[in-house]
Amino acid sequence: MKRLVTPLKKRDVSSLKAGEAVLLSGTIYTARDQAHKRLFEAILKKQRLPFNLRNEIIYYCGPAKTPRGKVIGSCGPTTSSRMDKFTPLLLKKGLLAMIGKGRRSQEVIKATGKHKAVYFLTYAGCAALLAKQVKKAGVFAFADLGPEAIYKLEVKDFPLIVGIDTKGRNIYQAV
Amino acid sequence: MRRLEAKTIRQAVEDLCIKANTILRKDVLKALKLSLKKESSAGARNILEAIIQNASIAKKEKLAICQDTGMPIVFLEVGQQVNIRGDVNQAVTKGIEDGYKKGYFRPSVIRDPLSRGRPQYSPVLIHADIVRGDKMKITVLPKGFGCENKSRLCMFKPTAGFLEIKRFILETVKDAGPDACPPYVVGVGIGGSAEYASLLAKKALLKDITCGKTKNSGRNAKLEDELLKEINSLGIGPMGLGGKTTALGVKILTYPTHIAGLPVAVNISCHALRSAGTIL
């Protein structure tokens, strides 16, 4: 199985093909609905973002609370399509990869191809299993959003399947 | 009259939300294992194995099966001979809040649907029925919203046949597609009124999904069986990546309705269908 380590490089992702399984290690940031709305609005208003999106990875996830003695609580992916209207602008700002579950809009598929980015799926509804692959976690920005805040995660061998590749090929087209 | 203390209800609800969120329902686990036997493609098998492994990690480590521990929905069947001492709504709400806190579950409820705000554990949705007897049945159903968002209601003409209804149910599943964590459990409510059909569809999810058609089954069990076969021939499969398992089960509840109507509601559940109940 292919292994990827962050920071991702353009050439790392350009070799990926839709349907391929990948294990990812390194830093990723969680962001879901409200965090996306804030990032999107900040870009439009030309405000500073909490982190530079260039070559970064966003995971659509709002984790459960962290039980005592654990790194993180259950942390599976949420439905990606709710982020669709914000995604093309984030990709334009350099976002290189997204992790979530389910289909994306035509606009996102097009923008992913255009900006040579990649959309990964991870095991949907397997939040306890995925929590085991997180080695470090902490709130990074928008703490007032609670579970919808941006968390910075260090992951090890996080299981992914390429959903949309840099050529704009979409795994769900084949099904 | 039989006395029941509100604090007994609070404790029961607390225990039930921890059980529901960390221990996958036996029937759901059984259906997953049966599906694994039927799947031949490596991809689909791999995902089903991950789902089963997830359930075992969650149980062992007392972790939430899914990070979306849902909007807590509580069903109460209150015997008319029960005399509750104290505030039952408060007891249920407190039970949910304490259970969710204790389980380190995610607060996912926002106080105002328009202004949104920081998520909390409550308020809780409570559906109460008055029944005969001197017992109280409590069921906690933490419902994730990835799948709740895919649920639908259709008010059919009274002359519509089951074929039209079936088409609507299949369309609803197809629309959910890969997005809401298939394999699904499909709850169907037929009859009543608009809100009652929706409630029936939700209550259908509480039924044992492994009780299939037998020689003596009634019409609904036959329709469930027929629907399950057709849904599983859609080819959506686990995670929407293809396969024979698009649904783990279909459950139908029906109720009398008006001469002018035929309400049909479909409530989609992800594979992590969680609920737990007890009788006090």
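Biologist: How are residues, chains and ligands numbered or lettered, and which cut-offs apply to local features and side-chain atom pairs?
Modeller: Residues are counted from 1 along each chain as its sequence is written, while chains are lettered from A and ligands numbered from 1 in the order in which they are written. Because this is a predicted model, local features need a pLDDT of at least 70, totals for chains, interfaces and linings use all residues, and side-chain atom pairs count only at pLDDT 80 or more.

Biologist: What pLDDT does chain B average?
Modeller: pLDDT is the predictor's confidence in each residue, on a scale from 0 to 100. The model as a whole scores ipTM 0.93 and pTM 0.95. In chain B, 99% of the residues score at least 70, and the average is 96.

Biologist: Which element gives the most to the side of chain A that touches chain B?
Modeller: Counting two residues as in contact if their C-beta atoms, placed from the backbone, lie within 7 Å, 34 residues of chain A meet 34 residues of chain B. Helices (H or I, at least four residues) and strands (E, at least two) are DSSP runs numbered from the N terminus, and those giving two or more residues to this side of chain A are helix 6 (171-174) and helix 5 (127-131) of chain A. With four residues, the most is given by helix 5 of chain A.

Biologist: How many charged residues does the side of chain A that touches chain B have?
Modeller: In this classification Ala, Val, Leu, Ile, Met, Phe, Trp, Tyr, Cys and Pro count as nonpolar, Asp, Glu, Lys and Arg as charged, and the others, Gly among them, as polar. On that basis this side of chain A has 18 nonpolar and 11 polar residues, and its charged residues number five.

Biologist: Which strand of chain B gives the largest share of the side of domain 1 that touches domain 2?
Modeller: The bounds come from an automatic or database domain assignment, which for chain B gives domain 1 (2-21 + 65-143) and domain 2 (146-273). The C-alpha centres of these domains of chain B lie 26 Å apart, and seven residues of domain 1 are in contact with six residues of domain 2. The largest share of the domain 1 side, three residues, comes from strand 5 (residues 136-143) of chain B.

Biologist: Why is one side of strand 4 and of strand 10 of chain B left without a neighbour in the sheet?
Modeller: Two strands pair if DSSP finds at least two bridges between them, and in chain B four strands form an open sheet of mixed pairing in the order 4-2-5-10. Strand 4 (125-131) and strand 10 (276-279) of chain B stand at the edges of this sheet, so one side of each lacks a neighbour because each has a single partner strand.

Biologist: Which residue of strand 4 of chain B is the bridge partner of Ile73(B)?
Modeller: Strand 2 (residues 71-79) of chain B pairs with strand 4 of chain B in the parallel sense, over seven bridges. In strand 4 of chain B, the partner of Ile73(B) is Leu125(B).

Biologist: What is the angle between helix 8 of chain B and strand 8 of chain B?
Modeller: A second open sheet of four strands in chain B has the order 6-9-7-8, with mixed pairing, and its edge strands are strand 6 (152-156) and strand 8 (247-257) of chain B. Helix 8 (residues 219-232) of chain B packs on this sheet, touching strand 7 (184-192) and strand 8 of chain B. Axes are lines fitted to C-alpha atoms, for helices over the stretch in contact, with angles from 0 to 180 degrees between N-to-C directions, and here the angle is about 140°.

Biologist: How far apart are the axes of helix 1 and helix 4 of chain B?
Modeller: The contact of helix 1 (residues 6-22) of chain B with helix 4 (residues 88-102) of chain B includes Cys17(B) on the helix 1 side and Gly95(B) on the helix 4 side. By class, this contact has 11 nonpolar, three polar and six charged residues. The helices pack at an angle of about 35°, and their axes are apart by 7 Å.

Biologist: Which residue of strand 7 of chain A is the bridge partner of Tyr119(A)?
Modeller: Strand 7 (residues 150-164) of chain A pairs antiparallel with strand 2 (residues 21-30) of chain A over eight bridges, and six bridges join strand 7 to strand 6 (residues 134-141) of chain A, also antiparallel. Three bridges join strand 7 to strand 5 (residues 118-121) of chain A, and the partner of Tyr119(A) is Ile164(A).
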